[in-house]
Amino acid sequence: MSEDGGAGMSGDYHPWIVELYDDDNPAGCDHAYYRGLADRLGALSIIDLGCGTGMLTRTLAGKDRQVVGVDPSRMMIDAARRGDSEYSVSWIVGDSSAIDTRDVDLVVMTGNVAQHIPDPDWERTLSDLHRAMRPGAVLAFESRNPAVQAWLDWHQSEPSRRSTAHGVLEEWSEVVDRGSGIIEASFFNRFVEMNELIVEHETFVFRTQSAITDQLDRAGFAVDAVHGDWQRTPFDGTQGLFVIEARAL
């Protein structure tokens with residue numbers, strides 16, 4: 001059996017899990033939203049923090065853009081480097097403290113990356129990003145709305161089965177609510193023919209929109225917009241996620 005932590009943890013992803021990552025997390029309305037935002041801003045310097053395998057990162061790149069993908073997982077960054085891109089992208093293994101620039105136009109954190117960063121690391125991350133951004137630059141990211149309690153649907157005691165390049169994969173999960181918005185989840189992946197069980201342990205932080213707004217304010221950002229979906233509908237507290245656009249002061 002293998003024990004592998006997710007991004008942001010001390011462990012790293014198992015290579016078989018990385019191989020499945022893009023199929024399990026396909027491009028969708030979220031990617032279109034972030035690309036559209038970059039175009040509207042005319043952003044020439046972009047950082048994708050928590051970029052994973054770089055699927056979105058590569059599509060943000062352009063002839064006159066400098067794009068950097070940052071992720072704490074070496075396995076993810078190695079996969080990102082192997083991806084095809086018409087334009088150049090720089091890749092960094094690390095967290096926000098590894099960003100060494102002061103003139104970024106846009107920072108994005110996609111795939112609910114913000115929920116994988118615990119306090120007080122989250123506050124430090126916001127400070128690191130503010131330091132890397134020019135005045136007026138935009139930080140954009142999404143987070144699940146804790147009022148909807150999405151984690152209640154994550155527990156799966158009966159394994160599901162699907163075919164992969166490594167044979168049949170059985171998947172199930174266990175979820176524990178630690179209170180105060182802290183959700184711990186264990187995702188079990190058993191490759192049947194290979195007799196290999198890979199367990200990923202993840203911690204998710206569910207913060208309210210008002211709490212994040214306060215944290216952004218303390219880090220030197222002003223929130224310009226809070227959307228309730230990828231079509232930019234205003235967030236009213238009932239949607240499953242909220243998307244924040246904040247400006248560096």
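Residues are numbered from 1 along each chain as its sequence is written, and side-chain values use heavy atoms, with hydrogens and water left out. Because the model is predicted, local features need pLDDT of at least 70 and side-chain atom pairs count only at pLDDT 80 or more, while totals for chains, interfaces and linings use all residues.

## Helices that pack together

Two packed helices are described by the angle between their axes and the distance between the axes. Here, axes are lines fitted to C-alpha atoms, for helices over the stretch in contact, and angles run from 0 to 180 degrees between N-to-C directions. Helices (H or I, at least four residues) and strands (E, at least two) are DSSP runs, numbered from the N terminus.

| Helix pair | Angle between axes | Distance between axes |
|---|---|---|
| α1 (residues 15-24) and α4 (residues 74-82) | about 50° | 10 Å |
| α5 (residues 121-132) and α6 | about 45° | 9 Å |

Let's start with α1 and α4. These helices are oblique to each other; angles under 35 degrees count as roughly parallel, over 145 as roughly antiparallel, 65 to 115 as roughly perpendicular and the rest as oblique. On the α1 side, Pro15, Val18 and Tyr21 make the contact, and on the α4 side Met75, Met76 and Ala79 do; contact means heavy atoms within 4.5 Å. Sorted by class, the contact of α1 with α4 has six nonpolar, no polar and no charged residues. For these classes, Ala, Val, Leu, Ile, Met, Phe, Trp, Tyr, Cys and Pro count as nonpolar, Asp, Glu, Lys and Arg as charged, and the others, Gly among them, as polar.

Which residues of α1 are buried? They are Trp16, Ile17, Val18 and Leu20, where buried means under 20% relative accessible area, exposed over 50% and partly exposed in between (1.4 Å probe, protein chains only). Their cover includes α4 as well as β7, β8 (167-179), β9 (182-191) and β10.

Now for α5 and α6. Helix α5 is oblique to α6, and α5 passes α6 in a right-handed crossing. From α5, the contact uses Trp122, Glu123, Leu126, Ser127 and His130, and from α6 it uses Gln215, Leu216 and Ala219. By class, the contact of α5 with α6 has four nonpolar, three polar and one charged residues.

## Aromatic pairs

Rings of Phe, Tyr and Trp (its six-membered ring) pair if their centres lie within 6.5 Å; planes under 30 degrees apart count as stacked, over 60 as edge-to-face and the rest as tilted. By this rule, the model has 10 aromatic pairs. One of them joins Tyr33 and Tyr34 edge-to-face, at 5.1 Å centre to centre and with 80° between the planes. Both Tyr33 and Tyr34 are buried.

Another pair is that of Trp154 and Phe206: the ring centres are 5.9 Å apart and the planes stand at 45°, so the pair is tilted. This pair links distant parts of the chain, 52 residues apart: Trp154 sits in the loop between β6 (133-144) and β7 (156-164), and Phe206 in the loop between β10 (196-205) and α6 (209-219). Trp154 and Phe206 are both buried. Together with Trp151 and Phe204, Trp154 and Phe206 form one aromatic cluster.

## Backbone details

The loop between β5 (104-109) and α5 holds Pro120. A cis peptide bond joins Asp119 to Pro120, with omega about 0°. Asn112 also lies in the loop between β5 and α5. Its phi is near 60°, a positive value in a residue other than glycine, and Asn112 is buried at 12% relative accessibility.

Arg232, in the loop between β11 (221-227) and β12 (241-248), has a positive phi of about 70° although it is not a glycine. Arg232 is partly exposed, with a relative accessible area of 33%.

## Two single residues

Asp128 belongs to helix α5 and is buried, with a relative accessible area of 8%. Leaving aside neighbours within four places in sequence, Asp128 is in contact with Ser96 and Ser97.

Met194 lies in the loop between β9 and β10. Is Met194 buried or partly exposed? Met194 is partly exposed, with a relative accessible area of 46%. Not counting residues up to four places away in sequence, Met194 touches Trp16 and His166.

Conventions: Left-handed = near helix turned anticlockwise from the far one by under 90°.
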